[in-house]
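Here is a friendly note to read alongside the model. Please keep the picture open as you go through the points.

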Amino acid sequence: MTRCAVYGTGSWGTAFAMVLADAGCEVSLWGRRAELAERINTTRENPDYLPGMTVPEGVTATTDPVLAARGAEFAVLAVPSQTLRANLAQWAPSLAGDTVLVSLMKGVELGTAKRMSEVVQEVTGAGPERVAVLSGPNLAREIAARQPAASVVACRDESVARRLQAACHTPYFRPYTNTDVVGCELGGAVKNVIALAVGIADGMGLGDNTKASLITRGLAETTRLGLAMGADAHTFAGLAGLGDLVATCSSPLSRNHTFGINLGRGMTLQETVAVTRQTAEGVKSCESVLDLARRHGVEMPITETVVDIVHDGKPPMVGLKELMSRSAKPERH
Ligand SMILES: NC(=O)C1=CN([C@@H]2O[C@H](COP(=O)(O)OP(=O)(O)OC[C@H]3O[C@@H](n4cnc5c(N)ncnc54)[C@H](O)[C@@H]3O)[C@@H](O)[C@H]2O)C=CC1
Ligand SMILES: O=C(CO)COP(=O)(O)O
């Protein structure tokens with residue numbers, strides 16, 4: 001039986017542990033809090049993140065990273081992007097040299113502008129053939145409710161992606177393989193920034209034309225950045241690109257979308273942070289995505305506007321007017 005360690009008992013770590021167990025794996029789920037691990041093991045529920053959802057018997061929660069890592073073929077990482085480096089440094093010594101490291105995270109590190117797979121490689125010394133990412137339209141609560149969804153598992157080594165695909169394929173979760181790790185990671189990280197923009201517009205009371213325009217031009221700037229970084233343009237038309245963008249920008253379950261709505265309705269950043277219980281990656285990653293764009297000489301006007309609104313206190317209406325008054329351009333340039 002395939003053994004997997006999942007690090008992070010938040011919404012996605014828990015939901016993906018459920019997918020792996022439903023696919024027949026034996027799963028150790030690592031979390032920081034002993035009382036939550038105990039609760040998951042005894043009640044088969046994670047009441048803090050996925051109330052009402054049943055965690056299958058194949059998942060055992062623990063706070064012991066050594067126990068979690070024992071015999072794991074896959075180590076799945078599901079903590080906030082900005083804490084991954086410090087967390088992984090603690091877990092790495094207990095991981096075997098042939099364990100495949102799988103990132104579920106959709107963020108870019110502040111300061112270094114590194115993608116999560118780069119952080120994983122740096123901290124563990126693993127080569128790219130041992131690092132995979134999973135990304136797609138996968139709102140945790142819908143997956144935990146076993147609603148049908150597709151996803152992408154990407155690794156430079158396609159045979160590793162195929163092994164991961166087999167480990168997480170269930171009747172309701174359909175993973176496709178890809179070798180474009182850069183494109184899949186960027187798709188996941190930048191859609192959170194675009195979801196903030198769409199949320200802000202929703203919160204301002206704007207309608208579906210605005211939303212569709214932001215989604216489409218958001219995808220255009222994501223693709224521009226991706227191409228500059230060596231990604232495959234097709235990835236952005238796929239599940240990790242358009243698919244995730246549509247899900248996140250439409251769903252009331254999305255933390256990034258909701259965060260944007262609150263800002264658009266006039267809450268301050270502090271007020272919005274105070275009412276947000278879970279990780280809204282785009283709030284920090286909008287700055288690192290803009291950093292990446294500047295490093296690669298790529299224009300990302302929507303991302304720039306989100307940074308201005310979220311971090312520099314620009315009123316949303318001013319940001320929107322500035323976006324609309326940019327010089328006229330051909331759609332493709
Ligand atoms: N929730 C979702 O629907 C999806 C989330 N993701 C991505 O998965 C990643 C994890 O997100 P979620 O599970 O949703 O977040 P979450 O906020 O639900 O859970 C985060 C988990 O990390 C733990 N954590 C927080 N700070 C920590 C620290 N300093 N050290 C160790 N653990 C810490 C929390 O206790 C919690 O267990 C993010 O990058 C997110 O973008 C990707 C796809 C779907
Ligand atoms: O990545 C997600 C869905 O694929 C979840 O989005 P949020 O982090 O905005 O909730």
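**Notes on the two ligand shells**

1. Helix H1 (residues 11-22) contributes the most to the shell around ligand 1, with three residues; helices here are DSSP runs of H or I with at least four residues, and strands are E runs of at least two, numbered from the N terminus. Gly10, Met105, Ala140, Gln278 and Thr279 come nearest among the 25 residues around ligand 1, where a residue is near if its C-beta atom, placed from the backbone, lies within 6 Å.

2. A word on the basis: this is a predicted model, in which local features need pLDDT of at least 70, side-chain atom pairs count only at pLDDT 80 or more, and totals for chains, interfaces and linings use all residues. Residues are numbered from 1 along each chain as its sequence is written, while chains are lettered from A and ligands numbered from 1 in the order in which they are written.

3. Where does ligand 2 lie? Domain 1 (3-179) and domain 2 (182-324) both give residues to its shell, so ligand 2 lies between them; the domain bounds come from an automatic or database assignment.

4. Lys106 sits in the loop between strand S5 (100-103) and helix H5 (116-124). Lys106 counts as buried because it has 28 C-beta neighbours inside 10 Å (20 or more is buried, 12 or fewer exposed, in between partly exposed, with C-beta atoms placed from the backbone).

5. Arg255 belongs to helix H12 and is also buried, with 24 C-beta neighbours inside 10 Å. Arg255 is one of the residues that come nearest to ligand 2.
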